[in-house]
Amino acid sequence: MSLDEEYTAYVSGRLPWLRRIAYPLCQDWHRADDLVQTAITRLYVKWRHARLADDLDAYVRVILIRVFLAEQRGGWFYRVRLTSTPPHSSFEGSDRDMAMDLRRALAAVPPRQRATLVLRFHCDLSVEQTARTLGCSTGTVKSQTARGLATLRSTLGAQDTRVAHTEEC
């Protein structure tokens, strides 16, 4: 099998997985596709080296997270996004209101904290694995996780307060 065929086989099998990681980071399916496209392009350039990695999925996940964080520092974050349809739900469950509240709260979390939360709880990585992925210390992962969770709790708590106040009126 040639290098291109190996790359194509790997990427074809992992696209849905990459999209499921990208979406919680950016909260937009189109942007998630753009992040994945950029990540797999970078992977292609490094394929000869990457294919020899001990854990290729971890290697690709690092690329994806770094693409997301780099775009947050660039112009993407400041663009206005107008959509004609509501976002697709990435949650498979019965409580769509809770899923929407959680998605909205996650969008309020700063990008680096959001990346930490997605890696820790969506990708189920350990503190050490998350630190390696983000290129930081385990202490930083712990503090980013704590701050991100505090922001989520605060945002979700504020939503509960607004709902309770609206119901009283």
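Q: What percentage of the 169 residues of the protein chain count as buried?
A: The model is predicted, so that local features need pLDDT of at least 70 and side-chain atom pairs count only at pLDDT 80 or more, while totals for chains, interfaces and linings use all residues. Residues are numbered from 1 along each chain as its sequence is written, and side-chain values use heavy atoms, with hydrogens and water left out. Buried means under 20% relative accessible area, exposed over 50% and partly exposed in between, with a 1.4 Å probe and protein chains only. Of the 169 residues of the protein chain, the share that counts as buried is 36%.

Q: How many helices and how many strands does the protein chain have?
A: Helices (H or I, at least four residues) and strands (E, at least two) are DSSP runs numbered from the N terminus. Along the sequence the pattern reads α-α-α-α-α-α-α-α, and the secondary structure comes to eight helices and zero strands.

Q: Are α2 and α4 parallel or oblique to each other?
A: Axes are lines fitted to C-alpha atoms, for helices over the stretch in contact, and angles run from 0 to 180 degrees between N-to-C directions. The two helices pack at an angle of about 125°, with their axes 9 Å apart. Angles under 35 degrees count as roughly parallel, over 145 as roughly antiparallel, 65 to 115 as roughly perpendicular and the rest as oblique. The relation of α2 and α4 is therefore oblique.

Q: Which residues in α4 meet those of α2?
A: Contact means heavy atoms within 4.5 Å. From α2, the residues R31, L35, V36, T38, A39, R42 and L43 take part, and they meet, in α4, Y59, V60, I63, L64, V67, F68, E71 and Q72.

Q: Is K142 buried or exposed?
A: K142 has its place in helix α8 (residues 138-168), and its C-alpha atom is separated by 9.7 Å from that of T130, twelve residues apart along the chain. With a relative accessible area of 52%, K142 is exposed.
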